Amino acid sequence: YQVETDSNNPDSVSYELENAPEGMSISKDGLISWLPENVDNDKYDIVVIAIDGNGEKAKQAYTLNLTN
């Protein structure tokens, strides 16, 4: 999943994840990646945080549902 922002200077935006499952990561460019292994849950409530160069934060929450 590629996170998109409305920042006037997208190079100054950094990203963080909250409540992400083990092994999920977000790149400096806002690309979320994860390869589920030994998953013990089928539903994850994840929050993506974008932080601009001034320290302002924007959050987006989503639920990731896994199915077989």
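## A walk through a three-stranded sheet

Let's start with the sheet: three strands, in the order E1-E4-E5, form an open sheet with antiparallel pairing. The edges belong to E1 and E5, each of which pairs on one side only. On average, neighbouring strands of this sheet are turned by 20° against each other, ignoring direction. Keep in mind as you look around that this is a predicted model.

How many bridges hold these strands together? Five bridges join E1 to E4, and nine join E4 to E5. You can pick out some of the partners yourself. Serine 14 has isoleucine 51 in E4 as its bridge partner, while tyrosine 15 has alanine 50 in E4. On the E5 side, valine 48 stands opposite glutamine 60.

Now stay with E4 for a moment. The largest one has ten residues: Val3, Val13, Tyr15, Met24, Ile26, Ile32, Tyr44, Ile46, Val48 and Ala50. Strand E4, residues 43-51, supplies the largest share of this core, with four residues. As a general background, nonpolar side chains in soluble globular proteins tend to be buried together.

Leaving aside residues up to four places away in sequence, valine 48 touches Val3, Glu16, Leu17, Ile26, Ile32, Ala58, Lys59, Gln60 and Tyr62.

Next, the aromatic rings. A search of the whole structure turns up two aromatic pairs. In one of them, tyrosine 1 and tyrosine 62 have ring centres 6.1 Å apart and planes at 40°, so the pair is tilted. This pair links distant parts of the chain: tyrosine 1 is in the segment before strand E1, tyrosine 62 is in strand E5, and 61 residues separate them. Tyrosine 1 is exposed, with a relative accessible area of 53%, whereas tyrosine 62 counts as partly exposed at 23% relative accessibility.

What about the pair of tryptophan 34 and tyrosine 44? Their ring centres are 5.5 Å apart and their planes sit at 75°, and because edge-to-face means planes over 60 degrees apart, this pair counts as edge-to-face. Tryptophan 34 is in the loop between strand E3 (32-33) and E4, and tyrosine 44 is in strand E4, ten residues apart. Tyrosine 44 is buried, because its relative accessible area is 10% and buried means under 20%.

Most residues other than glycine have a negative phi. Asparagine 19 is exposed too, with a relative accessible area of 56%.

Definitions and conventions
Residues numbered from 1 in each chain as written. Predicted model: local features only at pLDDT ≥ 70, side-chain atom pairs only at ≥ 80, totals over all residues. Heavy atoms only, no water. Core = buried A, V, L, I, M, F, W, Y, C linked by side-chain atoms within 4.5 Å. Buried < 20%, exposed > 50% of the residue type's maximum accessible area, 1.4 Å probe, protein only. Helix = DSSP H or I, 4+ residues; strand = E, 2+ residues; numbered from the N terminus. Contact = heavy atoms within 4.5 Å. Phe/Tyr/Trp six-rings, centres within 6.5 Å; stacked < 30°, edge-to-face > 60°. Pairing = 2+ DSSP bridges. Axes fitted to C-alpha atoms, helices over the stretch in contact; angles between N-to-C directions.
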